Amino acid sequence: MKADITTVVIDQQQLYEADVWFDLSELCERCALQKAQVIELVGLGLIMPQTLASERWQFQAAAVLTLRKAVRLRYELDLDWQGVALAMELMAEVRQLRQQVTSLERQLAIR
Amino acid sequence: MDFKDYYKVLGVADKATAAEIKQSYRKLARKYHPDVSKEKDAEAQFKEVGEAYEILSDTEKRAEYDQIKALRAAGGGRHAAGSGAGSNMGDDDVSQQFSDFFESVFGGGMGSGRGGFRQAGGNSRGASFSHRGQDMHHRMALFLEETVQGVQRTLKLEMPSVDASGRMQPKTKTLNVKIPAGVTAGQRIRLAGQGGPGHAGGAAGDLFLEIELAPHPVFAVEGLDVILNVPVAPWEAALGAKIEVPTLTGPVNLTLPAGSVSGKKLRLKGRGLGNKPAGDLIVSIQVTLPDRHSAKAEALYRELAELEQDFNPRKSLEKGL
């Protein structure tokens, strides 16, 4: 099979891509979720629209990743949405604590 | 192709009830879930457990599987099993391809239309309308130096793809990605149109790169700040000194003020990660000693001890005595 190589150059603007927003329908389509489910997940604090009070919710592109992970956890661990929200919150906390441990270990090592 | 005993995989008896199977799956899924498990081959184990549950939790599939198992036990040869619902979990970082055995028994045709999630009734099998390709996710670990200098990486991504006969065939896509300076940990970069191919004229999905930082032997990271421990000699700490310290972009000279105690932090503005705005390099001073002092140095210390005998370094502990 012939290798199919594409080169992608990411520019500085893309690094801080604040201008790409998805509305509720688009987010639902990308994550194979129904509106009610996304609304529930917003309620659980898993993702946040730009302005909660707005009539037309807009979500940052990265919300897709969060939701996809949530869906995966829900299916794979057979959890309900509340369980998913709790698991993801704890996972983020574990991650942050691990980083902190690494950082502190590094500081202690030299003494 | 090896026959897989899905009952053994889940650690349940052949006559296990649906509740027992579910319970065992939940336990094992938690144990091996790649997002949480620290087990060595968690991902492979997790896949196998998922595959077993996929079959045993479905009454029809389980009955079909039991038949094959019984035939095999009776010395039967190859089976010609009917096609079940094609299952394509096709998610990103956990490549959810089922085993050959699973494919041979339960078919590997186009499963859910978008190759997405089999959840929430999203199984639009054989959908003929166009739809956009799957969004994909890829984690990329960078060295700290790479984040401040920019880097080029070649990624090999497994893409869902449909061959001429309409079967799902994973295809490897090679992507050269040039990342500019200034990326930070946890950053997610969207590469529009670089995800899974669209179907029947639909647009391609997006690829999300998630940046992680590989641990560095010298620098630690806290948010956008980079932390560096710099050991100094007691006389440097006492008298002040000009010292050279490494940064992510090369060594710099630093003026250590006189009277710098261990734990004193010096901030080098803008020499951390990111660039909007950049974090700082925080130099944390650690006073250290040589492994051994010469007799002369010891004599000087004794002299110093006498000279400074009014100094009580443990004054703050007096309340506890």
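A:Asp23 is a residue of strand 2 (residues 21–23) of chain A. The model discussed here is predicted. With a relative accessible area of 18%, A:Asp23 falls under the 20% limit and is therefore buried. A polar atom of the A:Asp23 side chain lies 2.9 Å from the backbone nitrogen of A:Glu26. The side chain of A:Asp23 also makes a polar contact of 3.4 Å with the side chain of A:Arg56. When neighbours within four places in sequence are left aside, the contacts of A:Asp23 are A:Arg56, A:Trp57 and A:Gln58.

### Chain A

Chain A contains five helices and three strands, and along the sequence these elements follow the pattern β-α-β-α-α-β-α-α. Buried residues account for 41% of the 111 residues of chain A. Of the contacts in chain A between residues at least 6 apart in sequence, 49% join residues at least 24 apart. The accessible surface of chain A is about 6400 Å², and carbon and sulfur atoms hold 54% of that surface.

### Chain B

Chain B has eight helices and eleven strands. Of its 321 residues, 42% are buried. Among contacts in chain B with a separation of 6 or more, residues 24 or more positions apart account for 56%. Chain B exposes about 17300 Å², with 51% supplied by carbon and sulfur atoms.

One residue of chain B can be described in detail. B:Ser260 sits in the loop between strand 9 (252–256) and strand 10 (265–268) of chain B. Its relative accessibility is 3%, so B:Ser260 counts as buried. A polar atom of the B:Ser260 side chain is 2.7 Å from the backbone oxygen of B:Pro257. Not counting residues up to four places away in sequence, B:Ser260 touches B:Ala237 and B:Val287.

### The interface

The size of an interface is often given as the accessible area lost when the parts come together. For chain A and chain B, the buried area is about 5100 Å², of which 51% comes from carbon and sulfur atoms. In terms of residues, 47 of chain A are in contact with 67 of chain B.

Across this interface there are 15 residue pairs in polar contact, both residues being at pLDDT 80 or more. On the chain A side, strand 1 (5–9), helix 1 (12–15), helix 2 (24–31), helix 4 (63–76) and helix 5 (81–109) each supply at least two of the residues that touch chain B. Helix 4 of chain A gives the largest share, eleven residues. By residue class, the side of chain A that touches chain B divides into 23 nonpolar, nine polar and 15 charged residues.

### Salt bridges

Over all chains, the whole structure holds 23 salt bridges. The count between chain A and chain B is five.

| Residue | Partner | N to O distance |
|---|---|---|
| B:Asp206 | A:Arg30 | 2.8 Å |
| A:Asp78 | B:Lys22 | 3.6 Å |
| B:Glu48 | B:Lys4 | 3.2 Å |
| B:Asp135 | B:Arg132 | 3.3 Å |

A:Asp78 forms a salt bridge with B:Lys22. This pair crosses between chains, from the loop between helix 4 and helix 5 of chain A, where A:Asp78 lies, to helix 2 (residues 18–32) of chain B, which holds B:Lys22. A:Asp78 is partly exposed, with a relative accessible area of 22%, and B:Lys22 is also partly exposed, at 34% relative accessibility.

The side chains of B:Glu48 and B:Lys4 meet in a salt bridge within chain B. This pair links distant parts of the chain, 44 residues apart: B:Glu48 is in helix 3 (residues 42–56) of chain B, and B:Lys4 is in the segment before helix 1 (6–10) of chain B. The relative accessible area of B:Glu48 is 27%, so B:Glu48 is partly exposed.

B:Asp135 forms a salt bridge with B:Arg132. B:Asp135 is buried, with a relative accessible area of 0%, and B:Arg132 counts as buried at 13% relative accessibility. Both residues belong to a network of salt bridges that links A:Arg30, B:Arg132, B:Asp135, B:Arg190 and B:Asp206.

Key
Residues numbered from 1 in each chain as written. Chains lettered and ligands numbered in written order. Predicted model: local features only at pLDDT ≥ 70, side-chain atom pairs only at ≥ 80, totals over all residues. Heavy atoms only, no water. Helix = DSSP H or I, 4+ residues; strand = E, 2+ residues; numbered from the N terminus. Buried < 20%, exposed > 50% of the residue type's maximum accessible area, 1.4 Å probe, protein only. Polar contact = N/O pair within 3.5 Å; in protein donor to acceptor, adjacent residues only side chain to side chain. Contact = heavy atoms within 4.5 Å. Areas by Shrake-Rupley, 256 points an atom, 1.4 Å probe, with all protein chains shown as cover. Buried area = accessible area lost by both parts, 1.4 Å probe. Salt bridge = Lys/Arg side-chain N within 4 Å of Asp/Glu carboxyl O. Nonpolar A, V, L, I, M, F, W, Y, C, P; charged D, E, K, R; others polar.
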